[in-house]
Amino acid sequence: MNTSKSPKFQRLKIFFSNIKREFIKNKNIVGQLVKRNVKVQYRNSAIGILWTVLNPLLNMLVMYLVFGTIFGYSSDKTYVLYLLCGNIIFNTMRGATTQSMTSLVNNRGLLTKNKIAFQVFPLSCNISAIVNLAFSYIALLIVMMVVDTSCPFMHVFSLNMFKAILMIPAFFLFIYGVSLVLAAAYVYFRDILHYYNIFLTLWMYMTPIFYKTNTISGNFGKFFVMILKCNPMVHFVEYFRAVTYRMIAETSITDTSAEAVKQVAAIKDSVIIDTNLLTLYGWGIAFFVAGLLIFSASKRNFMYKI
Amino acid sequence: MKKNKKEEAVMSHAPVETQEELPIIEFSDVEMEFYMGTEKIDGLKEFFIKFIKGKIDRTKKKVLDGISFNVKKGESVAIIGHNGAGKSTTLKIITGILKPTKGSVKVRGNVAPLLNLGAGFDFEATAKENIYLNGAILGHSKKELEKKYNDIVEFSELHDYMNVPLKNFSSGMVARLGFAIAIDVDPDILLIDEVLAVGDENFRQKCAKKISELKEKGATFIVVSHSMGQIKQLCQRAIWIENSKLVADGPVDEICAKYEEYCRNNKH
């Protein structure tokens, strides 16, 4: 190794200016990629970006018709909200991770011909997923207003919305961590995609999206809840629900008759996995650090395998 | 995975103005190895089956073997050799895409790779969107791109097509756009890999003019091409790489003559 003649501080200056240059460069790439990702989804449809709002609504409607009838929830109008909360969060995760997984290999042409940081691609997929989440949140607000006709605007601009925003960084760290692992694994093993799709189905059933955890009773129920608590997605879904669904579901029942009180108790019961922001950030940071470590460790061989 | 405890490969990209007197590219004893078998295993299932059978191919192939050369600022150097000799790998190491297995590489100054024009193009997007996307990939900030946008459009001569999706472009038009974006950079080092045969005769002349302009400004050129005429026109010096080893390094006419003779003698 050649020893440089320049003094130490100058080397340090060069080092920092390099970091700054890299940061500016990557910021612009990520920005452009996110823009493309969001646009590309509905580029050829007549209503364009509106689909991002409509898609979760239609999805919710289908699930409401199917599962509402099966589980007998269809009389409860707040069930649509219950479904939508779970659906939005889970689909954001699903979209971000599946897209990130193939992002490195799909951009093989770019990576082998230009010097680009590998992380740029999973990162832009995750940011666009969060952008889509924001659009889905609009859908959620619409449903909130429809379900709770008493004082709709109170919920829209309430503390709860703020709480929902607070969980987003933790959620982002979590999905980004998962994405990094998957993206790295996919470079080495292309059949991971099939395994992950199967795993996603299992993951969806292990997350209370359409069923309520309080309906599972007995020893099996206790055991099931214990397993659910080990699933980070449950915490994200349940937290998001606690700050949106539960609160509206409770206030939408205004009378004080015995039946109404029972109903309120049932709603409180339906969120039996109590979680808090600290837990969410714990999961988020743990997955992020693990993902980053795995990604950086496998990065050195990407170029030959891709 | 076994950790590579060999000599750490050194890469550094330092600004050029601090070290004017030093060579702009310094290759000392660079060695590059690839695993041969990696391409064959694509799936986890296959990997386990082969792993159990003990059939994982770990043989390595040396793509570059002890390559050393220096390039001074403002020099134009051609790299010649047969397909698979290691020319493109050398360019990728200069860009920083690949890191050498052994040896040290120093590159002083910013590098503009013209390795594959329009590699980052999204054919569903419009030409304008592609200029911004591709420009970002080449390392420009948004502000720079806004400044350069008009120049790029003018150079590509595609004023009327900026809001047309790229899928409706002819291949020549795509190449022109790619070249216009890549060339508009004011780089210290320009890497050119078989991309000069772009567009029609007029556009080709325009490219040649732009390149000689950059040359006058003091840019360094590294050219990979199989066209001896082009190389002789563009470069003063040539490096001949054959079977991953450096065979000769010297004035372009001399080396090209040697190479052509070697090619004639090795025809089957």
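This is a predicted model: local features need pLDDT of at least 70, side-chain atom pairs count only at pLDDT 80 or more; totals for chains, interfaces and linings use all residues.
**Confidence**

I started with the scores for chain A. The mean pLDDT there is 83, and 85% of the residues score at least 70.

**Two helices of chain A**

With α8(A) in view, I looked at how it sits against α7(A). Helix α7 covers residues 159-188 and helix α8 residues 192-205; their axes come within 10 Å and cross at roughly 150°. That makes the pair roughly antiparallel. Next I listed who touches whom. From α7(A) come A:Phe174, A:Val178, A:Leu182, A:Ala185 and A:Tyr186, and they meet A:Ile192, A:Leu193, A:Tyr196 and A:Trp203 of α8(A). I sorted these contact residues by type and got nine nonpolar, no polar and no charged.

**One alanine in chain A**

I picked A:Ala139, which is in helix α5 (residues 120-147) of chain A. Is A:Ala139 buried or exposed? A:Ala139 is buried, at a relative accessible area of 0%. I then checked its contacts, skipping neighbours within four places in sequence: A:Val53, A:Pro56, A:Leu57 and A:Leu84. A:Leu57 is 82 residues away along the chain, yet its C-alpha atom is 6.4 Å from that of A:Ala139.

**The sheet in chain B**

Over in chain B I traced an open sheet of six strands, in the order β6-β7-β8-β4-β9-β10, with mixed pairing. β6 (111-114) and β10 each have a single partner strand, so they are the edges, and one side of each lacks a neighbour in the sheet. From one strand to the next, the twist averages 15°.

At the β6 end, I saw β6(B) pair with strand β7 (residues 189-193) in the parallel sense over four bridges. B:Leu114 stands opposite B:Ile192 there. Helix α6 (residues 201-216) of chain B packs on this sheet, touching β4, β7 and β8 (220-224), and its direction makes about 140° with that of β8(B).

**Strand β9 of chain B**

Which neighbours does β9(B) have? On one side, strand β4 (residues 76-80) pairs with β9(B) in the parallel sense over four bridges. B:Val77 has B:Arg237 as its bridge partner in β9(B). Strand β10 (residues 245-251) pairs with β9(B) too, in the antiparallel sense over six bridges, and B:Glu242 is bridged to B:Lys245. The hairpin of β9(B) and β10(B) has two residues between the strands, and B:Asn243 takes a positive phi near 50°.

I also asked how enclosed this strand is. Six of the six residues of β9(B) (residues 237-242) are buried, so the rest of the structure largely encloses it. B:Arg237, B:Ile239 and B:Ile241 point one way, with B:Ala238, B:Trp240 and B:Glu242 pointing the other. Helix α8 (residues 252-265) of chain B lies across β4, β9 and β10, at about 30° to β9(B).

**A helix between the chains' elements**

Last stop: helix α3 (residues 127-137) of chain B. Nine of its 11 residues are buried, so α3(B) is largely enclosed by the rest of the structure. Among them are B:Asn130, B:Tyr132 and B:Gly135. What do the buried residues of α3(B) pack against? I found elements from both chains: α1 (8-41) and α4 (108-113) of chain A, plus α4 (142-156) and α5 (171-183) of chain B. After α3(B) comes B:Gly139, with a positive phi near 100°.

Technical notes:
Residues are numbered from 1 along each chain as its sequence is written. Chains are lettered from A and ligands numbered from 1 in the order in which they are written. Side-chain values use heavy atoms; hydrogens and water are left out. Axes are lines fitted to C-alpha atoms, for helices over the stretch in contact, and angles run from 0 to 180 degrees between N-to-C directions. Angles under 35 degrees count as roughly parallel, over 145 as roughly antiparallel, 65 to 115 as roughly perpendicular and the rest as oblique. Contact means heavy atoms within 4.5 Å. Ala, Val, Leu, Ile, Met, Phe, Trp, Tyr, Cys and Pro count as nonpolar, Asp, Glu, Lys and Arg as charged, and the others, Gly among them, as polar. Buried means under 20% relative accessible area, exposed over 50%, partly exposed in between (1.4 Å probe, protein chains only). pLDDT is the predictor's confidence in each residue, from 0 to 100. Two strands pair if DSSP finds at least two bridges between them.
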